[in-house]
Amino acid sequence: MSVNHLDSETDSASIGGDGEVLRSLESGRVFDQARAEAAVRELLIAVGEDPEREGLLDTPARVARAYREMFAGLYTDPDSVLDKTFDEGHQELVLVRDIPMYSTCEHHLVSFHGVAHVGYIPGRTGRVTGLSKLARVVDLYAKRPQVQERLTSQIADALVRKLDPVGVIVVVEAEHLCMAMRGIRKPGASTTTSAVRGLLQSNSASRAEALDLILRR
Ligand SMILES: Nc1nc2c(ncn2[C@@H]2O[C@H](COP(=O)(O)OP(=O)(O)OP(=O)(O)O)[C@@H](O)[C@H]2O)c(=O)[nH]1
Ligand SMILES: [Zn+2]
């Protein structure tokens, strides 16, 4: 798995708690622990809290570390988890259902979470990838500031790029805390998004069969 390390001119403020230095693959910017801590401290002051009170003393550092973990998919190329494939000669649907998924809504920076279902029909050669790798791709794309539609298509497009499959289907079902704990306040409302590619997009019977397997309870 390729992790983006910094070069020698790195500022020490940019180094995370365990000394590992990470650079965003999209923006080229580094994760900056000191800056994240200062921002959380500022936010606490801005909402009327006292960052010096005992319970909040370690909070800025803790929240910064938590964000680093929640956005781990910014620093690692999710596609790289699909580098390893093996020949099974299997040319029909492979589907992993109910992969637990936690992501962060980029509008409100609160969680949206649920499950992802990832399926593909291997290419003509029948090369497949390890089942856990499908869950790893979900995990890494989810660990970014996201919207559910983009998350769903990014997972599907990664499979297309890396596995050269005949078809791909990804369905994500999630509850958005920004709709549950604030704003419109509709806990329990569930959003389903899908992305289909190749045969599973062009052939309605194949798509219906895959969807039936995915949504069967
Ligand atoms: N399409 C889509 N919308 C999302 C997602 N996550 C959050 N949203 C929506 O993003 C929108 C942001 O709307 P704004 O009007 O800019 O923000 P807001 O005033 O906080 O909106 P409310 O949530 O309606 O109070 C809201 O309607 C959210 O429900 C997502 O993954 N996909
Ligand atoms: Zn939101």
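## Terms and model

Two strands pair if DSSP finds at least two bridges between them. Helices (H or I, at least four residues) and strands (E, at least two) are DSSP runs, numbered from the N terminus.

This is a predicted model: local features need pLDDT of at least 70, side-chain atom pairs count only at pLDDT 80 or more, and totals for chains, interfaces and linings use all residues. Residues are numbered from 1 along each chain as its sequence is written, while chains are lettered from A and ligands numbered from 1 in the order in which they are written.

## Overall layout

The chain holds seven helices and seven strands. Read from the N terminus, the elements run α-α-β-β-β-β-α-β-α-β-α-β-α-α. Along the principal axes, the C-alpha atoms fill a box of roughly 60 × 45 × 25 Å.

Five residues of domain 1 are in contact with seven residues of domain 2. Contact here means that the C-beta atoms of two residues, placed from the backbone, lie within 7 Å. On the side of domain 1 that touches domain 2, four residues are nonpolar, one is polar and none is charged. The classes are these: Ala, Val, Leu, Ile, Met, Phe, Trp, Tyr, Cys and Pro count as nonpolar, Asp, Glu, Lys and Arg as charged, and the others, Gly among them, as polar.

## Helices α1 and α2

Helix α1 spans residues 33-46 and helix α2 spans residues 59-70. Their axes come within 8 Å and cross at roughly 120°. Axes are lines fitted to C-alpha atoms, for helices over the stretch in contact, and angles run from 0 to 180 degrees between N-to-C directions. α1 and α2 are therefore oblique to each other. The cut-offs: angles under 35 degrees count as roughly parallel, over 145 as roughly antiparallel, 65 to 115 as roughly perpendicular, and the rest as oblique.

The crossing of α1 and α2 is right-handed. A crossing is left-handed if the near helix is turned anticlockwise from the far one by less than a right angle, and right-handed if clockwise. From α1, the contact uses Q33, A36, E37, V40, R41 and L44. From α2, T59, P60, A61, V63, A64 and Y67 take part. By class, this contact of α1 with α2 has eight nonpolar, two polar and two charged residues.

## The five-stranded sheet

Five strands form an open sheet in the order β5-β2-β3-β6-β7, with mixed pairing. Its edge strands are β5 (145-146) and β7 (191-198), and each pairs on one side only. Strands of a sheet pair through backbone hydrogen bonds, either parallel or antiparallel.

Strand β2 (residues 94-105) runs parallel to β5, and two bridges join them. T104 stands opposite P145 in β5. C105 has Q146 of β5 as its bridge partner.

Next comes the pairing of β2 with β3. These strands are antiparallel, over nine bridges. Y102 is bridged to H113 in β3, and V96 to V118 in β3. The hairpin of β2 and β3 has five residues between the strands, and L109 there takes a positive phi near 55°. β3 and β6 also pair in the antiparallel sense, over 10 bridges. F112 stands opposite H176 in β6.

Helix α7 (residues 204-215) lies across β2, β3 (111-121), β6 (167-176) and β7. It runs at about 70° to β2.

Helix α3 (residues 131-142) packs with helix α4 (residues 148-163) at an angle of about 140°, their axes 10 Å apart. That angle makes α3 oblique to α4. α3 passes α4 in a right-handed crossing. V137, V138, Y141 and A142 of α3 meet L151, Q154, I155 and A158 of α4. By class, the contact of α3 with α4 has seven nonpolar residues, one polar and no charged.
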